[in-house]
Amino acid sequence: MWRRTPPQRAIEAPPQAELTADSRSTAPELRIRAFRIGFVGALGVLVAVFVAGLLGQLSTVLLYIALAVFLALGLDPVVSWLQRRGMPRWTAIVIVFAAVIGLFVGIIATIVPIVVDQITNAIDNWPQIVEDFKNSDFVAWIGSFGGATWVEDSVAAIGDWLADPNNIGALTGGILAVGAGIAGGITGATIVLILTLYFLASLASMKRYAARFVPASSRPGFLDVSQEITGSVGRYVIGQISLASVNGVLSLIFLTIIGAPVPILLAFIAFLGSLIPLVGTLTGAIIISLVSLAASPATGLAAAIYYLVYMQVEAYVLSPRIMNRAVSVPGALVVIAAVAGGTLGGVLGALVAIPIAASLIIIVEKVIFPRQDAS
């Protein structure tokens with residue numbers, strides 16, 4: 001017999017509302033907290049602006065620190081040489097630093113009285129200076145191109161301008177500003193010298209402390225690279241100072257022979273200019289030639305010819321012999337670094353820029369290139 005089976009009920013699907021509720025309970029919740037994001041973003045912008053302003057305010061101090069570090073690196077090879085001769089490190093540091101202080105004081109004691117004396121003489125003897133200038137060979141040489149009338153008119157106009165008390169006040173303010181700049185430069189140099197002494201005394205401990213930030217497995221390589229960087233930068237600083245000293249001494253001898261005005265001051269300008277490779281030597285040569293031209297056309301021409309010859313000798317003879325042990329920096333990079341450093345930090349920035357470029361070259365050659373070759 002056939003048995004009748006009851007019909008099976010179809011499995012009913014849960015209501016759509018229940019599915020929606022279940023899925024909503026298990027799905028991750030996403031909320032956009034616009035106020036919190038905006039507040040945190042605004043705080044980040046404010047912190048960035050504050051840090052940028054703080055760095056701008058401390059730019060001079062940071063520049064002093066960088067210059068003191070590079071001076072310490074430049075003096076360290078001399079201290080190490082004295083140590084190898086059996087002298088204790090602290091004694092070598094005292095001797096080297098005493099020599100640096102003596103040189104600094106000697107330069108200041110020589111240059112500042114010359115500048116003060118020249119300014120005093122110019123103020124006291126201004127009418128006679130104007131008259132001598134009208135009758136000088138330079139004015140006669142200039143007047144030969146288009147007549148001396150316009151030269152005399154220009155000198156008279158300058159005399160009328162100086163006769164105005166308001167203009168004299170403005171000129172005095174400018175002189176005071178220059179004096180304040182010189183005083184600030186002496187103060188900055190004193191700060192740099194003090195920092196140099198501290199860095200020179202603690203250079204080894206600074207290297208060991210910096211190595212603590214590197215993992216233990218990478219410390220030997222880090223110490224080798226840091227030692228090569230400090231050694232190369234030190235040799236570079238010594239080499240550049242040697243080139244500047246050669247330029248200063250030769251300039252003093254030649255300018256004295258040709259009868260240039262204030263040869264000691266001009267030789268000091270040549271020394272400072274040579275501290276900045278390529279750009280500084282050319283700038284100093286132009287300034288010295290123009291000052292010599294004011295004395296007489298023959299003196300200015302002789303100075304220009306001398307510096308034209310000297311720059312060739314420095315580029316092809318002196319610089320390769322003195323800088324052969326330092327790191328090789330391409331000429332284009334030297335110009336770029338000097339201009340960039342001068343733009344950011346003035347003369348001190350230009351002095352520090354070249355050793356920084358040399359350090360970056362060593363890092364690229366000793367760290368980045370080997371990693372790229374090994375991969």
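A: The crossing of H9 and H10 is right-handed, a term for the near helix being turned clockwise from the far one by less than a right angle. This is a predicted model, in which local features need pLDDT of at least 70, side-chain atom pairs count only at pLDDT 80 or more, and totals for chains, interfaces and linings use all residues. Residues are numbered from 1 along each chain as its sequence is written, and side-chain values use heavy atoms, with hydrogens and water left out.

Q: Which residues make the contact of H9 with H10?
A: H9 contributes Lys207, Ala210 and Ala211, while H10 contributes Arg219, Phe222, Leu223, Gln227 and Thr230, contact being heavy atoms within 4.5 Å.

Q: And at what angle do the axes of H9 and H10 cross?
A: Roughly 145°, with the axes of H9 (residues 203-211) and H10 (residues 219-258) coming within 10 Å; axes are lines fitted to C-alpha atoms over the stretch in contact, and angles run from 0 to 180 degrees between N-to-C directions.

Q: Switching topic, how many salt bridges are there?
A: The count comes to one salt bridge, defined as a side-chain nitrogen of Lys or Arg within 4 Å of a carboxyl oxygen of Asp or Glu. Asp76 pairs with Arg89, their closest N and O atoms being 3.1 Å apart.

Q: Which parts does that pair tie together?
A: Asp76 lies in helix H3 and Arg89 in helix H4 (residues 89-124), so the pair links parts 13 residues apart in sequence.

Conventions
Helices (H or I, at least four residues) and strands (E, at least two) are DSSP runs, numbered from the N terminus.
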